[in-house]
Amino acid sequence: MNKEELKRKTEEIFRRSGSHDELFDAFKTAVDNGIEDEDIYKLLVWNKALSVDEVVMYSEKLCSEFPSISFKIYFDTAKVLEATSSAGDNIELALSYYKKAADADPSSFFPYEAAARMYNKDLNIPRFERIVSFLLRGLDMASRKSTICFNLVDLYKQSGNTEKEKEFQRLGEKHQRRGK
């Protein structure tokens with residue numbers, strides 16, 4: 001079987017299979033044959049048959065084997081963890097995967113924006129301080145600093161800290177005028 005046929009077969013298995021053994025075998029075969037396609041592996045991490053532990057295991061293996069697609073894999077893993085969280089049980093883990101995505105592509109603002117949106121004030125998950133700390137780190141590295149500032153404005157508005165809210169509103173507007 002050539003590489004294109006293998007990709008098509010793997011994609012079909014990841015899309016439709018609910019068998020842990022079949023998913024694992026297809027994954028192993030794809031990795032062993034150097035299939036480095038983030039779209040195919042996205043199907044795997046979003047497969048409803050997988051447990052949280054399996055999603056994390058596959059993601060970590062993919063990112064160690066194919067560092068060039070690690071941003072997308074880590075970002076999708078965070079999204080899966082966030083989407084499958086009930087009562088906030090995977091939210092902190094999702095945040096850790098947004099951090100890994102940010103480490104894989106420091107200039108991207110997407111992990112910071114996604115992390116800010118998942119904050120739940122009533123449950124304080126992820127913890128407010130962790131979200132703010134992560135976003136502040138993004139101000140030093142990400143390309144669209146204004147977006148991160150405006151996310152901080154929203155977070156501080158939720159917390160009732162009007163001083164910080166105004167500070168980041170001004171900073172966001174300043175970055176926006178500079179096209180950042």
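Author: Let's start with one side chain. K7 has 22% relative accessibility, so K7 counts as partly exposed. Buried means under 20% relative accessible area, exposed over 50%, and partly exposed in between, with a 1.4 Å probe and protein chains only.

Reader: Where do these values come from?

Author: This is a predicted model, where local features need pLDDT of at least 70 and side-chain atom pairs count only at pLDDT 80 or more, while totals for chains, interfaces and linings use all residues. Residues are numbered from 1 along each chain as its sequence is written, and side-chain values use heavy atoms, with hydrogens and water left out.

Reader: OK. Which side chain does K7 meet in a salt bridge?

Author: D37, at 3.3 Å, N to O. The pair links distant parts of the chain, 30 residues apart: K7 is in helix α1 (residues 3-16), D37 in the loop between α2 (20-32) and α3 (38-45). A salt bridge here is a side-chain nitrogen of Lys or Arg within 4 Å of a carboxyl oxygen of Asp or Glu.

Reader: And D37, buried or exposed?

Author: Buried. D37 has 18% relative accessibility.

Reader: How many salt bridges in the whole structure?

Author: Twelve. Some are linked: E12, R16 and E22 are in a network of salt bridges.

Reader: What are the distances there? Start with R16 and E12.

Author: R16 and E12 meet at 3.7 Å, N to O. R16 and E22 meet at 3.5 Å, N to O.

Reader: Why are R16 and E12 about one helical turn apart?

Author: Because they are four residues apart in helix α1.

Reader: Zoom out. What's the fold made of?

Author: Ten helices and zero strands. Helices (H or I, at least four residues) and strands (E, at least two) are DSSP runs, numbered from the N terminus. The C-alpha atoms fill a box of roughly 60 × 35 × 20 Å along the principal axes.

Reader: How much of the protein counts as buried?

Author: 44% of the 180 residues.

Reader: New topic. How many aromatic pairs?

Author: Twelve. One of them is Y119 and F128, edge-to-face, 5.7 Å centre to centre with 65° between the planes. Rings of Phe, Tyr and Trp (its six-membered ring) pair if their centres lie within 6.5 Å; planes under 30 degrees apart count as stacked, over 60 as edge-to-face and the rest as tilted.

Reader: Y119 and F128, buried or exposed?

Author: Both are buried.

Reader: Which residues form an aromatic cluster?

Author: F14, F27, Y41, Y58 and F66 form one.

Reader: How far is R117 from Y58?

Author: They are 25 Å apart, C-alpha to C-alpha, and 59 residues apart in sequence. R117 is found in helix α7 (residues 110-117). R117 is at 55% relative accessibility, so R117 counts as exposed.

Reader: Last one. Which residues form the positive surface patch?

Author: K174, R177, R178 and K180. Patches are made of residues with over 30% relative accessible area and no salt bridge; like charges are joined within 9 Å, nonpolar side chains (Val, Leu, Ile, Met, Phe, Trp, Tyr) within 5 Å. Lys and Arg count as positive and Asp and Glu as negative, with His and the chain ends not counted.

Reader: And where is K180?

Author: K180 lies in the segment after α10 (162-177). At 39% relative accessibility, K180 counts as partly exposed.

Conventions. Areas by Shrake-Rupley, 256 points an atom, 1.4 Å probe, with all protein chains shown as cover. Charge placed at Lys NZ, Arg CZ, Asp CG, Glu CD.
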